[in-house]
Amino acid sequence: MARVFSGIQPTGDLHLGNYLGAVRQWAIDQDSHEALYCVVDLHAMTASYEPKELTTRTQTTATLLLASGLDPARCTLFVQSQVPAHTELAWILNCTATFGELNRMTQFKDKGQSGNSVTVGLFAYPVLMAADILAYDTDQVPVGDDQRQHLELARDIALRFNNRFGETFTVPKATVPPLGARVMDLQDPTIKMSKSNSSPQGIIGLLDAPKTIRKRIRSAVTDSDNHIEFNPDTKPGLANLLTLLAVTTEQSIEAVVSEYESSGYGSLKDATADAIIACLSPIQERYADLSSDLKYVSGQLNQGAERARSLSSPVIARVRERAGLLAP
Ligand code: AMP
Ligand code: TRP
């Protein structure tokens, strides 16, 4: 069975982009793959943060992942910092990645622009991500569109290490969903929906109340000609709504366009809001149950970490030996 690995930062409540771009696919992959999913708390430390909040958000994110359908009986769900292999491998890979290639990462260019002291951790973020993936002999990495460049880097690092030290790593591939890989901000449909850049009106959170979802979809920015066609370049707001409706009702774009082309934007928005509410309501119900049982959640995470440690340890032993390090 092919192995999939993916990760998500515990930076707050997950939004619809996280779910449709990544987590929904993770739940599907559990049945056909050996699946590992990781809450990457060490990555979240690359932005300024409060320790107590990081703890709570890590728990909340894990709970939301369980509520979204990840099943510890069918996948390994764990927290990155509870498995030391990630930081150990990250250092070894830091010594093969180059300054130039990290400097070309668009996410670093965006986040590192702030002028405030940019940490080495933020710069090396993609190397830690490569370590996450390579520590498990991962075949496939289901992610949203914004992670493609990081995946290319992970592949380059794996290939370079293999060339230099002999066959060591499986070279992973990104798998990006055909629809929903880039959910756009509802207020500015030229940028992706994101916790850090979007205004609250631009986002739908997985735990948002139906009333909020309806309001945000109704006030989503479109255009003024009221003509329904799918064109992300000229009608990005409308294209985003059509995509959301198609993905959440499991239809093609063509099917939703032909259903709504004779009605106006108003009825398309109503249908989109209804579909999103229906898609999120089972997740919200499970979340309410699970969040009253945090012991269960942390128990599952501990078991996940134990399994992740045992899966990564032969890979780390192989890497250490190839790189010329003494056995521990
Ligand atoms: P992050 O919250 O940055 O850790 O992202 C977790 C996963 O969600 C990654 O696979 C991202 O590619 C995906 N993702 C984040 N934002 C979006 C978005 N607006 N549309 C689609 N996928 C997204
Ligand atoms: N960088 C990813 C993001 O922001 C999160 C991540 C960390 C990840 N490690 C990973 C994703 C390993 C896939 C595989 O979305």
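Let's start with Asp 208, which is buried because its relative accessible area is 18%, where buried means under 20%, exposed over 50% and partly exposed in between, using a 1.4 Å probe and protein chains only. This is a predicted model, so local features need pLDDT of at least 70 and side-chain atom pairs count only at pLDDT 80 or more, while totals for chains, interfaces and linings use all residues. Residues are numbered from 1 along each chain as its sequence is written, chains are lettered from A and ligands numbered from 1 in the order in which they are written, and side-chain values use heavy atoms, leaving out hydrogens and water.

**Around Asp 208**

- Asp 208 sits in the loop between strand E5 (173–175) and H9; helices (H or I, at least four residues) and strands (E, at least two) are DSSP runs numbered from the N terminus.
- The side chains of Asp 208 and Arg 216 are joined by a polar contact of 3.3 Å. That term means a pair of N or O atoms within 3.5 Å; within protein, one must be able to donate a hydrogen and the other to accept it, and residues adjacent in sequence count only if both atoms are side-chain atoms.
- Setting aside neighbours within four places in sequence, Asp 208 is in contact (heavy atoms within 4.5 Å) with Ile 203, Ile 213, Arg 216 and Gln 284.

**Ligand 1**

- Ligand 1 is surrounded by 17 residues, and the closest are Gln 9, Gly 144, Asp 146, Val 183 and Met 193; a residue counts as near if one of its heavy atoms lies within 4 Å of the molecule or strand.
- Helix H1 (residues 16–29) gives the largest share of the shell around ligand 1, four residues.
- Sorted by class, that ligand 1 shell has six nonpolar, eight polar and three charged residues. Here Ala, Val, Leu, Ile, Met, Phe, Trp, Tyr, Cys and Pro count as nonpolar, Asp, Glu, Lys and Arg as charged, and the others, Gly among them, as polar.

**Ligand 2**

- Ligand 2 has 13 residues around it, with Gln 9, Tyr 125, Met 129, Asp 132 and Gln 147 the closest.
- Side chains meet nitrogen on this ligand: an N or O atom of the Tyr 125 side chain is 2.7 Å from a nitrogen atom of ligand 2, and a polar side-chain atom of Asp 132 is also 2.7 Å from a nitrogen atom of ligand 2.
- The side chain of Gln 147 places an N or O atom 3.1 Å from a nitrogen atom of ligand 2.
- The protein covers 91% of the 360 Å² of accessible area that ligand 2 has on its own.
- H7 supplies the largest share of the ligand 2 shell, four residues, and the classes are seven nonpolar, five polar and one charged.

**Salt bridges**

- Searching the whole structure turns up 17 salt bridges, each being a side-chain nitrogen of Lys or Arg within 4 Å of a carboxyl oxygen of Asp or Glu.
- Glu 53 pairs with Arg 57 in a salt bridge with the closest N and O atoms 3.5 Å apart; both lie in helix H3 (residues 51–67), four residues apart, about one turn of the helix.
- Arg 318 and Asp 137 form a salt bridge at 2.9 Å between the closest N and O atoms. This pair links distant parts of the chain, 181 residues apart, with Arg 318 in helix H13 (residues 294–323) and Asp 137 in the loop between helix H7 (120–134) and strand E4 (140–142).
- Asp 225 and Lys 235 meet in a salt bridge at 2.7 Å, N to O. Asp 225 counts as partly exposed because its relative accessibility is 46%, whereas Lys 235 is buried because its relative accessible area is 5%.
- Arg 3, Glu 34 and Arg 307 are linked in a network of salt bridges.

**Thr 272**

- Thr 272 lies in helix H12 (residues 265–290) and counts as buried because its relative accessibility is 0%.
- Beyond its neighbours within four places in sequence, Thr 272 is in contact with Ile 217, Leu 241, Leu 244 and Leu 245.

Note on methods. Areas by Shrake-Rupley, 256 points an atom, 1.4 Å probe, with all protein chains shown as cover.
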